[in-house]
Amino acid sequence: MSKSIFITGASSGLGKAAARLFQSKGWNVIATMRQPEKETELRQLKNITILPLDVTNGQQVNDTVEQVANLYDIDVVLNNAGYGLIGPLEAFSEEQINKQVDTNLLGVIRVSKAFIPWFREKRKGLFLNITSSFGLLGFPTCTLYSATKFAVDGFSEALALELAQFDVRVKIVAPGGIRTDFAGRSLQSGTHGAYRQLMAKVAEGYSAEQVANYASAEDIARVIFEAATDGQDKLRYVAGKDAIALYHERTATGAEAQLERLKSAFLF
Ligand SMILES: NC(=O)c1ccc[n+]([C@@H]2O[C@H](COP(=O)([O-])OP(=O)(O)OC[C@H]3O[C@@H](n4cnc5c(N)ncnc54)[C@H](OP(=O)(O)O)[C@@H]3O)[C@@H](O)[C@H]2O)c1
């Protein structure tokens, strides 16, 4: 029997690439998104069910998960929906801060909590949670994004320990830069006069040349597929050359040494 995956934020980028890849491998895909009426590409593919879901809407999350879990035998939940709130902390309103946490962190918690009883009863299931290299190390202008992604990392690690007794697994996929529309459609930025120099320095790291070296959404989707199918009891999959290099630096030199290097790189 074919396996089934439930994906959040499948309207574009990584979520859509994952939907296409799993479908091409014979999986049954439940692709959820905020505006399913706009989706045309995934509708052409067989064995893909498109459903509306905004991960900040708790009632909709619970209703959708119940509907899906009654109809399908879900094997994998891919918590992918998210966006970046990038800029100095001082630039952001309480509302912007709450929305970032509500989407990137509470969204993952809501969807996971709704699926746990189904997985626990069946003694199977895998949560695959998308974080970021900014969920592994701090970076200026990423305070809020990092707060949510580090939190998803910690949430996932603790949940993996809590659910191991039921044979339910939790894994993290931490990508570096991906050539998706993240920086266009999914990035909310803020500026503040006191941080102009820092912002300019950070922007140097997002040059066209650097972005051209990012992984494609398809590259990262392949790592997601590997994490879903390798049968390994491994917690964290760091994906993309840039993320692997930064994570290697952190583990090889230690977090403090990496922090010192980054601090001096951003001092004027
Ligand atoms: N691109 C990168 O460089 C990069 C690097 C590391 C990690 N990531 C992570 O990868 C994941 C996917 O991002 P992407 O690069 O594929 O960007 P993307 O193409 O902009 O996709 C983001 C997806 O999240 C969805 N989304 C946002 N808020 C939502 C909500 N409240 N409820 C449901 N869906 C929501 C968007 O839906 P709408 O179409 O409705 O807006 C969209 O489908 C995110 O978690 C992101 O943090 C991205």
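## A walk through the fold and its contacts

Let us start with a salt bridge: Arg 236 pairs with Glu 157, their closest N and O atoms lying 3.5 Å apart. Arg 236 belongs to strand β9 (residues 236–239) and Glu 157 to helix α4 (residues 143–163), so this pair ties together parts that are 79 residues apart in sequence. Glu 157 is partly exposed, at a relative accessible area of 39%. Here a salt bridge is a side-chain nitrogen of Lys or Arg within 4 Å of a carboxyl oxygen of Asp or Glu, and buried means under 20% relative accessible area, exposed over 50%, and partly exposed in between (1.4 Å probe, protein chains only).

Before going on, please keep in mind that this is a predicted model, in which local features need pLDDT of at least 70 and side-chain atom pairs count only at pLDDT 80 or more, while totals for chains, interfaces and linings use all residues. Residues are numbered from 1 along each chain as its sequence is written, and side-chain values use heavy atoms, with hydrogens and water left out.

Now for the overall picture. The protein has 10 helices and 9 strands; these are DSSP runs, numbered from the N terminus, with helices being H or I of at least four residues and strands E of at least two. Its C-alpha atoms fill a box of roughly 60 × 40 × 35 Å along the principal axes. Buried residues account for 46% of the 268 residues. Taking contacts (heavy atoms within 4.5 Å) between residues at least 6 apart in sequence, 69% join residues at least 24 apart.

Back to the charged pairs, of which there are 16 salt bridges in total. One of them joins Glu 41 and Arg 20 at 2.9 Å, N to O. This pair links distant parts of the chain, with Glu 41 in the loop between β2 (28–33) and β3 (48–52) and Arg 20 in helix α1 (residues 13–24), 21 residues apart. Glu 41 is partly exposed at 34% relative accessible area, and Arg 20 is also partly exposed, at 26%.

Another salt bridge brings Lys 171 and Asp 230 together, with 3.0 Å between the closest N and O atoms. Lys 171 sits in strand β7 (residues 169–175) and Asp 230 in the loop between α8 (217–229) and β9, 59 residues apart. Lys 171 counts as buried because its relative accessibility is 1%, whereas Asp 230 is partly exposed at 24%. Shared partners also join Lys 16, Arg 20, Glu 39, Glu 41 and Glu 218 into one network of salt bridges.

Aromatic rings come next. The structure holds 8 aromatic pairs, meaning rings of Phe, Tyr and Trp (its six-membered ring) whose centres lie within 6.5 Å; planes under 30 degrees apart count as stacked, over 60 as edge-to-face and the rest as tilted. Elsewhere, Phe 6, Phe 115, Phe 119 and Phe 127 form one aromatic cluster.

Finally, look at Ser 112 in helix α3 (residues 94–122). Ser 112 counts as buried because its relative accessibility is 0%. Leaving aside neighbours within four places in sequence, Ser 112 is in contact with Asn 79, Phe 127, Phe 155 and Leu 159.
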